[in-house]
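Visitor: I have a model to go through with you. I want the criteria behind each label.

Guide: Good. Ask, and I will set value against cut-off.

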Amino acid sequence: MGQIEKDYGDTNFITGMRAVAAFGVLLIHFGGAGLDAFGQFGIHLIEFGRTGVYAFFVISGYSISASYQTSASYLRYLNRRLWRIAPIYYFWLAVAILSGFAPISGNHGALTSIDARNVWMHLSFLSFMDYRVTNSILGVEWSISIEVFWYILAPLLLFFIRGRILVAVAVIASLYWYWKFTEYPPYLPWLPTTWVEDKYDVGLAMHWSPLPYVASYCLGIGAYRLRQVMPELQRHGNAVFIAVTLTCVGFLAYREAVLRLAYDEVVFSSLITATLIVFGSQSAVVYRWVFGNRLMVFLGTISYGIYLPQFLLLEVLKNYLPANSPQIFLAGCGLAIAVSYAGYRLIELPALKFGTSLGEKIGFKRRIKTL
């Protein structure tokens with residue numbers, strides 16, 4: 001595995017954070033590994049796994065900023081991001097459809113059939129425009145179209161979010177927007193005409209829309225900017241890591257009380273993820289031990305392939321192992337790592353190399369504006 005870890009130097013720990021986020025999602029989808037036996041604390045820990053997706057959004061905001069900042073042009077940046085995300089995504093979509101696994105049962109049930117329109121919306125990353133479609137094949141892909149949406153728009157946010165004052169303004173404004181969006185949902189033209197009458201539909205459409213997650217992406221972009229202008233903050237990495245860990249333990253023990261302060265899990269997990277990024281450093285011992293070790297960097301590097309096929313793998317394993325058991329969780333994690341490693345080697349790396357080379361040959365040279 002030593003051949004595939006990406007070395008990001010002082011920010012290697014962010015790759016390790018991806019691994020934690022991915023396995024948090026697996027924890028809740030694979031039945032909690034028996035942690036519910038520990039009472040409310042264990043149940044809250046299982047439920048906390050779903051916040052891994054929101055942590056991914058913050059990390060994505062950071063990585064988008066770093067990727068765009070080092071790209072020769074907007075088109076080269078976007079070309080590389082799409083070649084990174086699309087091939088393995090298309091592969092697992094094809095496996096799910098051709099195997100007859102889709103539409104998935106997932107958390108919310110299959111809301112639509114797999115027809116040409118559904119497939120096209122997935123392939124074009126426009127599936128967020130129909131909440132009945134956006135999570136209907138793999139059961140986790142609702143987040144992928146959101147990521148691509150922000151791949152396109154985040155560089156514009158990066159242009160405006162610079163300096164400490166503008167970072168603070170952007171974060172506060174985006175959190176206010178998130179609160180208004182969730183408390184008073186705006187009209188969304190892609191919702192069915194009965195949306196006002198069906199609270200279930202409204203909740204799904206809001207949750208699976210890219211619009212509320214501007215807060216998570218602004219926090220990721222803001223973390224990138226603060227690391228640029230305030231590198232001295234990273235001297236406090238060990239203390240901040242311990243404080244964040246204690247805060248998370250408090251959340252698990254007193255979930256409702258903490259949520260009254262943080263508003264909801266999206267805000268809470270996005271804030272703690274951004275805080276860890278701002279203050280993090282490979283030179284901080286706890287960051288290096290927990291997130292920045294070789295195993296976590298390896299798992300973080302292949303985490304996208306761990307995330308995508310989890311319901312497909314669960315469908316196979318539930319025929320052999322008891323549901324919601326530690327065995328099915330451990331077997332699922334092992335199988336996810338194996339197929340993700342194979343996919344990374346055989347699909348992700350070759351596709352990214354090909355796409356990057358193609359972009360260079362086409363000559364995406366013009367940069368929209370220097371940031």
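Visitor: Which residues does serine 325 touch, not counting residues up to four places away in sequence?

Guide: Serine 325 touches Ala33 and Gly34. Contact means heavy atoms within 4.5 Å. One caution on origin: this is a predicted model, where local features need pLDDT of at least 70, side-chain atom pairs count only at pLDDT 80 or more, and totals for chains, interfaces and linings use all residues. Residues are numbered from 1 along each chain as its sequence is written, and side-chain values use heavy atoms, with hydrogens and water left out.

Visitor: Why is serine 325 called buried?

Guide: Its relative accessible area is 7%. Buried means under 20%, exposed over 50%, and partly exposed in between, with a 1.4 Å probe and protein chains only. So serine 325 is buried.

Visitor: What does the side chain of serine 325 reach?

Guide: It reaches the backbone nitrogen of isoleucine 328 at 3.2 Å. A polar contact is a pair of N or O atoms within 3.5 Å; within protein, one must be able to donate a hydrogen and the other to accept it, and residues adjacent in sequence count only if both atoms are side-chain atoms. Serine 325 itself sits in the loop between helix 16 (310-317) and helix 17 (326-362).

Visitor: How are those helices defined?

Guide: Helices are DSSP runs of H or I with at least four residues; strands are E runs of at least two, and both are numbered from the N terminus. By that rule the protein has 17 helices and 0 strands.

Visitor: What makes alanine 33 stand out?

Guide: Alanine 33 has a positive phi of about 55° although it is not a glycine. Most residues other than glycine have a negative phi. Alanine 33 lies in the loop between helix 1 and helix 2 (40-48). With a relative accessible area of 18%, alanine 33 is buried.

Visitor: And tyrosine 263: buried, partly exposed or exposed?

Guide: Partly exposed, because its relative accessibility is 31%. Tyrosine 263 also has a positive phi, about 85°, and is not a glycine. Its loop runs between helix 11 (255-262) and helix 12 (265-279).

Visitor: Why is helix 1 called roughly antiparallel to helix 3?

Guide: Helix 1 and helix 3 (residues 52-69) pack at about 155°, with axes 8 Å apart. Axes are lines fitted to C-alpha atoms, for helices over the stretch in contact, and angles run from 0 to 180 degrees between N-to-C directions. Under 35 degrees is roughly parallel, over 145 roughly antiparallel, 65 to 115 roughly perpendicular, and the rest oblique. Therefore the pair is roughly antiparallel.

Visitor: Which residues of helix 1 meet helix 3?

Guide: Ile14, Met17, Arg18, Ala21, Ala22 and Val25 do, against partners in helix 3 including Phe56, Ile59 and Tyr62.

Visitor: What makes helix 1 roughly perpendicular to helix 14?

Guide: The axes of helix 1 (residues 12-29) and helix 14 (residues 294-301) come within 7 Å and cross at roughly 65°. So helix 1 is roughly perpendicular to helix 14. Among the contact residues are Arg18 and Phe23 of helix 1 and Met296 and Leu299 of helix 14.

Visitor: Which residues of helix 2 are buried?

Guide: Gly42, His44, Ile46 and Phe48. They pack against helix 1, helix 3, helix 10 (237-253), helix 11 and helix 12.

Visitor: How much of the protein counts as buried?

Guide: Of the 371 residues, 54%.
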